[in-house]
Amino acid sequence: MVKVVASLPIKGKQDLSKVKDISSDMMELRLDYVEDPSFILEELDYLRSFRDRVIFTIRSIQEGGVKHVNEEVKAKIYEHLHDLNFIVDVEAEFASRHKTHVDENTIVHVTTLTEFQM
């Protein structure tokens, strides 16, 4: 079954109001449009009703991210999202380096197949 994923750049809390209007099968919330996306942790109650359709992504600059996000901040956000059973899309190299939880709610992003050595 084909699924359509819409990508939504999140530059601040105000962008989260757009989530309810997106009609695609899934939506990728790109948190790399701000240097510190920690504010998302305060908005997870609102996003729980979309949990089965939302994918959280924080790309590095090398992987096409827009802003540099501190790796410790990124790891903390991913850990919190994992604990609440949200879907995350994490770079394979980052997941390996930070021992990120990888399970059925994790999409592991690789640039090349040689990266996938978890």
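This is a predicted model: local features need pLDDT of at least 70, side-chain atom pairs count only at pLDDT 80 or more; totals for chains, interfaces and linings use all residues.

Me: Good to know. How many helices and strands are there in the protein?

Reply: The protein has three helices and five strands. Starting at the N terminus, the elements come in the order β-β-α-β-α-β-α-β.

Me: And how compact is the protein?

Reply: It is as compact as a globular protein of its length, because its radius of gyration is 13 Å, close to the 13 Å that the globule rule gives for 118 residues. The C-alpha trace spans about 40 × 35 × 25 Å along its principal axes.

Me: What share of the residues is buried?

Reply: Buried residues are 42% of the 118 in the protein. As for how the chain meets itself, take contacts between residues at least 6 apart in sequence: 52% of them join residues at least 24 apart.

Me: Let's go inside. Which residues have the most contacts inside the largest nonpolar core?

Reply: Those are L29, L47 and F56, in a core of 26 residues. At least two residues of this core come from each of β2, α1 (44-47), β3 (54-57), α2, β4 (87-91) and α3. The element that gives the most is α2, with three residues.

Me: Nice. Pick L47 for me: what does L47 touch?

Reply: Leaving out residues up to four places away in sequence, L47 touches L16, V19, L29, I40, F56 and F86. Two of these partners, L29 and F56, are also listed with L47 as having the most contacts inside the core.

Me: Changing topic, how much space is in the largest pocket?

Reply: About 210 Å³. Its lining has 16 residues, and S60, Q62, E71, K74 and E91 are the ones nearest the centre.

Me: Which elements give two or more residues to that lining?

Reply: They are α2 (71-83) and α3 (92-98). Of the elements, α3 gives the most, with three residues.

Me: And how do the lining residues divide into nonpolar, polar and charged?

Reply: Nine are charged, four are nonpolar and three are polar.

Me: You mentioned S60. Where is S60?

Reply: S60 is in the loop between β3 and α2.

Me: Does S60 count as buried or exposed?

Reply: S60 counts as buried because its relative accessibility is 17%, and the cut-off for buried is under 20%. Not counting residues up to four places away in sequence, S60 touches G65, K74 and E91. K74 and E91 also lie among the residues nearest the pocket centre.

Me: How far is S60 from D32?

Reply: Their C-alpha atoms are separated by 7.4 Å, while along the chain S60 and D32 are 28 residues apart.

Me: OK, on to D15. Where does D15 lie?

Reply: D15 lies in the loop between β1 (5-9) and β2 (26-30). With a relative accessible area of 7%, D15 is buried. Setting aside residues up to four places away in sequence, D15 touches L8, P9 and I10.

Me: What about D36, where is D36 found?

Reply: In the loop between β2 and α1. D36 is partly exposed, with a relative accessible area of 47%. Although D36 and N70 are 34 residues apart along the chain, their C-alpha atoms are separated by 7.6 Å.

Me: I also spotted N85. What phi does N85 have?

Reply: N85 has a positive phi of about 65 degrees, although it is not a glycine. N85 is in the loop between α2 and β4, and at 45% relative accessibility N85 counts as partly exposed.

Me: Last one, I107. Which strand is I107 in?

Reply: I107 is in β5, which covers residues 106-109. At 35% relative accessibility, I107 counts as partly exposed.

Me: Which residues does I107 touch?

Reply: Not counting residues up to four places away in sequence, I107 touches I55, I87, V88, D89 and V90.

Me: Great, thanks for the tour!

Terms used
Residues are numbered from 1 along each chain as its sequence is written. Side-chain values use heavy atoms; hydrogens and water are left out. On a 1 Å grid over the protein atoms alone, a cavity is a set of points where a 1.4 Å probe fits but cannot get out, and a pocket is an open set with protein on both sides within 12 Å along at least five of seven lines; lining residues have an atom within 4 Å of a point. Grid points are joined across faces, edges and corners, and a volume is the space filled by probe spheres set on the points. Helices (H or I, at least four residues) and strands (E, at least two) are DSSP runs, numbered from the N terminus. Ala, Val, Leu, Ile, Met, Phe, Trp, Tyr, Cys and Pro count as nonpolar, Asp, Glu, Lys and Arg as charged, and the others, Gly among them, as polar. Buried means under 20% relative accessible area, exposed over 50%, partly exposed in between (1.4 Å probe, protein chains only). Contact means heavy atoms within 4.5 Å. A nonpolar core is a set of buried Ala, Val, Leu, Ile, Met, Phe, Trp, Tyr and Cys residues joined through side-chain atoms within 4.5 Å. The radius of gyration is taken over C-alpha atoms; the globule rule is 2.2 Å times the number of residues to the power 0.38.
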